[in-house]
Amino acid sequence: MDAFFASVELLRYPQLKGLAVVIGGGRRRVDEMIRERFEGLPLSEIPVSAFPLLKDYVGRGVITTATYAARQFGVGSAMGMMKAAKLAPDAIVMPVDFDEVRRYSRLFKATIAEIAPVIQDRGIDEVYIDFTDVPGGQREGGRVLARLIQKAIFDATKLTCSIGVAPNKLLAKMASEFNKPNGISIVYEADIATKIWPLPVRKINGIGPKAEVKLHKLHLHTIGDIAAQDPQWLVDNFGKSYGAWMHEAAWGRDDRPVVTESEPVSMSRETTFDRDLHAVRDRAELGEIFTDLCKQVASDLKRKGYVGKTIGIKLRYDDFKIATRDQTIAHFTDDAQLIRKTAGLCLKRVPLDRRLRLLGVRVGKLAKAGSPEAEGRPVPPMAAEPEAPYAGTLDLF
DNA sequence: TCTGGGGTCCTAGGACCC
DNA sequence: TCTGGGGTCCTAGGACCC
């Protein structure tokens, strides 16, 4: 979805269309304050001048999404608000409305599912879709179906998206970035040398900031530079698994299937404090936050019907270093008090000499509540997968 | 006045078991 | 005065993604 969080806000506040708007940051519901001030007036008639500006922002947040107009100023996702305020002081800033964003997320995914049911979730604003068995999915290399999906999403949500179509997920993801916003891009295997190899290494989904730095030090800047390397050399420099993967990725090879269903591995809650807290001096405040986080995780587990066996904590110190501790308990739980108690033991094992910036609570090793595994009963062996023919699924590859 | 929150996956060492 | 070869689970850290 194009600038998803921002686009969702613009639906409510169309008067902001075309303006530099950034979404993200603190807990202050700035827009609620505006709504109170203009009570009775439709949201769409609230004057633009009433919206809060980045230069007045106070807090430790980062930008989740910036409108394309805001991006002209050089601000974008993951940038700290304070830094963004220097680049675009007059941009309008709004907090994320998660309920609203989730609502539109469900809506656009349901819309796709009606047309192409084989979908893999990729977070709130992104999916992989398998075109293989969709009627007409191969026409014009997928462009016809992509257009249909784009139109259906727009009709249902008034939001735009960008679609990339390719022989596999890796290339499709890259293709989806070629024509933003509201674009479609088709990448064939034969296009790899011309369309993929000139791109910077960072464009590969899986090469992040660290790998990029290391590649640059080795004088590799484009995906083509990686493709030109001997696979063994990549393995020697990046390890057996990552090096081999990098070589495959540079050649546009990827055989991961579109996975339609998956079970969660962990659930967590974390919070960054308004100011750094000291374990001793701010003990009471910290304790309250800690208990709240445990309650929230417990309620998330219950609401979604999961129990977990490994309880953990995460700290971020004022120097931004992270420490984690976890402990596996005897039985699965979704109980806030047991989570609190176990997480408390974890907290005792971690250095608390520096001020803390963030505290988090995590429950891992999840099982469905009420399942044999969760009840501690022996788990029946998995039935053997029926041997399914690949009928037609290979013609993409 | 730098730098959110919720995830997944991988690695690597040690304990422990057969 | 030497001492395997699997395997699983637990824990901590780190890279990466949306």
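Val 187 lies in the loop that joins strand β7 (184-186) to helix α8 (192-196); helices (H or I, at least four residues) and strands (E, at least two) are DSSP runs, numbered from the N terminus. The model is predicted, and local features need pLDDT of at least 70, side-chain atom pairs count only at pLDDT 80 or more, while totals for chains, interfaces and linings use all residues. Residues are numbered from 1 along each chain as its sequence is written, and chains are lettered from A and ligands numbered from 1 in the order in which they are written.

With 24 other C-beta atoms within 10 Å, Val 187 is buried. A residue is buried if 20 or more other C-beta atoms lie within 10 Å of its own, exposed if 12 or fewer, and partly exposed in between, with C-beta atoms placed from the backbone. Apart from neighbours within four places in sequence, Val 187 is in contact with Gly 164, Ala 166, Leu 171, Ala 175 and Lys 195; two residues are in contact if their C-beta atoms, placed from the backbone, lie within 7 Å. Between Val 187 and Gly 164 there are 7.5 Å in space, C-alpha to C-alpha, and the two are 23 residues apart in sequence.

Helix α1 (residues 4-12) has 7 of its 9 residues buried, so it is largely enclosed by the rest of the structure. These buried residues are Phe 4, Phe 5, Ala 6, Ser 7, Val 8, Glu 9 and Leu 10, and they pack against β1 (21-24), β2 (63-66), β3 (92-94) and α5 (98-115).

Two packed helices are described by the angle between their axes and the distance between the axes. The axes of α1 and α5 cross at roughly 100° and come within 10 Å; axes are lines fitted to C-alpha atoms, for helices over the stretch in contact, and angles run from 0 to 180 degrees between N-to-C directions. The helices α1 and α5 are therefore roughly perpendicular to each other. Angles under 35 degrees count as roughly parallel, over 145 as roughly antiparallel, 65 to 115 as roughly perpendicular and the rest as oblique. Here Phe 4, Phe 5 and Val 8 of α1 meet Glu 100, Val 101 and Tyr 104 of α5. That contact of α1 with α5 has 5 nonpolar residues, no polar and 1 charged, where Ala, Val, Leu, Ile, Met, Phe, Trp, Tyr, Cys and Pro count as nonpolar, Asp, Glu, Lys and Arg as charged, and the others, Gly among them, as polar.

A further helix pair is α11 (residues 231-238) and α12 (residues 240-250), which pack at an angle of about 140° with their axes 7 Å apart. That angle makes α11 oblique to α12.

The DNA strands remain to be described. DNA strand B is surrounded by 21 residues, the closest being Arg 60, Gly 80, Ser 241, Val 265 and Thr 272; a residue is near a molecule or strand if its C-beta atom, placed from the backbone, lies within 6 Å of it. Strand β8 (residues 266-277) gives the largest share of this surface near DNA strand B, 7 residues.

DNA strand C is surrounded by 21 residues, and Gly 123, Gly 208, Lys 210, Ala 211 and Thr 328 are the closest. Both α9 (209-217) and β10 (322-333) supply at least two residues each of the surface near DNA strand C, and the largest share, 7 residues, comes from β10.
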